[in-house]
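Me: I would like to learn how to read a few features of a model. Please take me through them one at a time.

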Amino acid sequence: MSPAMGLVSHTESEREDGHEQSKYQRGVKHLCESGITRVPSKYVLPAQERPNIKKEISERNMSNGRRSISLPIIDFAELQGSNRSKALKKLSNACEEFGFFQVVNHGISIEIIRHMMDVSRRFFELPFEERSKYMTSDMRSPARYGTSFNQNKDGVFCWRDFLKLICPPSSNALSLWPTSPSNLRQAVVSYSTETRFLFTMLMEAVLECLGLIETSENNYSDEEEFTLKDFGDGSQLMVINCYPACPEPELTLGMPPHSDYGFLTLLLQDEVEGLQIQNRGKWVTVEPIPHSFVVNVGDHLEIFSNGKYKSVLHRVLVNSTKSRISVASLHSMSFEQVIRPSPKLIDEHNPRRYMDTDFTSFLNYASTCEPKRKNFLESRKLAV
Ligand SMILES: O=C(O)CCC(=O)C(=O)O
Ligand SMILES: [Fe+2]
């Protein structure tokens with residue numbers, strides 16, 4: 001090959017790379033609409049990080065479903081009623097052992113849930129040009145459409161597109177949320193109001209489990225720097241995830257192993273399973289219970305409880321036949337609040353295990369490196 005030819009082919013391949021790159025930045029939905037039959041190399045994980053779906057299916061058959069997990073079920077009506085102390089024990093065990101539980105009888109109407117799922121699905125069915133109006137790398141934007149986990153940093157992309165909405169009252173920028181589908185704003189406002197209330201009631205129960213408030217009396221210890229209102233008025237991020245059907249699901253993941261940053265995440269999923277959590281060193285699939293919530297402990301609650309409650313790694317599998325939608329509502333105190341272990345949970349037997357953290361340091365971290373696994377939480381740990 002002459003030097004001139006070499007130069008030409010080099011330039012062409014660079015152009016090709018640039019083109020390929022921007023194709024992936026547009027997301028998996030867009031990619032699937034172009035009619036692919038194989039997973040492009042951009043999404044192929046190194047062998048040791050792949051989900052090993054075939055092995056899991058055969059093990060699941062052999063052990064009669066043991067690879068899927070029945071999470072502890074918290075009956076919210078029981079928690080708010082006469083059986084509170086029994087429900088509190090179950091809740092506390094769930095937060096310590098699994099970091100996850102399911103909430104049934106939560107009182108949020110099926111219409112509100114269906115409406116939320118419906119606008120979520122329809123948003124991802126919009127033409128790409130409409131969805132792409134909300135593409136931004138600004139992590140503080142009230143509405144952010146994107147793909148993968150961190151599309152500016154991920155070496156290998158994961159098989160998901162998302163719409164993230166910062167919910168009122170943390171954001172007064174409702175006017176910047178998508179206008180299409182026409183009823184999206186109204187559906188998300190109703191849904192976020194209800195989930196915020198459910199989160200606040202669950203936090204009240206968690207504070208009681210931790211011995212930080214007394215049964216239903218809302219008596220806070222003088223040492224605490226917060227009240228339940230700080231949770232009720234705190235931050236709420238609605239993450240709508242879309243995982244299109246994938247031609248080779250054994251090569252990639254919908255979401256890589258990660259933990260969530262907040263106190264609690266309330267997850268709504270459709271009937272397609274995909275969520276896996278790490279339990280006793282193994283990946284186990286969570287079976288969806290229709291109209292219930294999967295709730296998990298986030299990094300802030302692990303820090304606040306001084307390590308008593310666990311923020312557990314989870315990931316998402318994709319499959320070859322069905323696309324999947326999930327809606328994760330991530331809750332914490334206000335974005336300005338510094339999170340630290342509760343002073344009441346520190347003594348000579350339980351030394352302080354985490355340093356102070358705030359949302360800005362999390363965002364800085366998330367925007368400068370691949371926020372996979374529990375890297376951020378690990379970075380907040382003190383040597384004890
Ligand atoms: O889609 C799921 O099941 C999980 C989503 C999730 O983990 C997240 O949005 O943080
Ligand atoms: Fe998550």
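Me: What is the strand order of the open sheet of 5 strands?
Reply: Strands (E, at least two residues) are DSSP runs, numbered from the N terminus. Two of them pair if DSSP finds at least two bridges between them. In this predicted model, the order is β1-β10-β9-β12-β7, and the pairing is mixed.

Me: How many bridges join β9 to β12?
Reply: There are 3, between residues 275–279 and residues 314–316, and the two strands run antiparallel. Q276 stands opposite R315 in β12.

Me: What conventions apply here?
Reply: Residues are numbered from 1 along each chain as its sequence is written, and chains are lettered from A and ligands numbered from 1 in the order in which they are written. As the model is predicted, local features need pLDDT of at least 70 and side-chain atom pairs count only at pLDDT 80 or more, while totals for chains, interfaces and linings use all residues.

Me: Why does N319 count as partly exposed?
Reply: A residue is buried if 20 or more other C-beta atoms lie within 10 Å of its own, exposed if 12 or fewer, and partly exposed in between; C-beta atoms are placed from the backbone. N319 is partly exposed because it has 16 C-beta neighbours inside 10 Å. N319 sits in the loop between β12 and β13 (324–332).

Me: Which residues does N319 touch, not counting those up to four places away in sequence?
Reply: Contact means C-beta atoms, placed from the backbone, within 7 Å. By that test N319 touches A245, C246 and P249.

Technical notes: Helices (H or I, at least four residues) and strands (E, at least two) are DSSP runs, numbered from the N terminus. Two residues are in contact if their C-beta atoms, placed from the backbone, lie within 7 Å.
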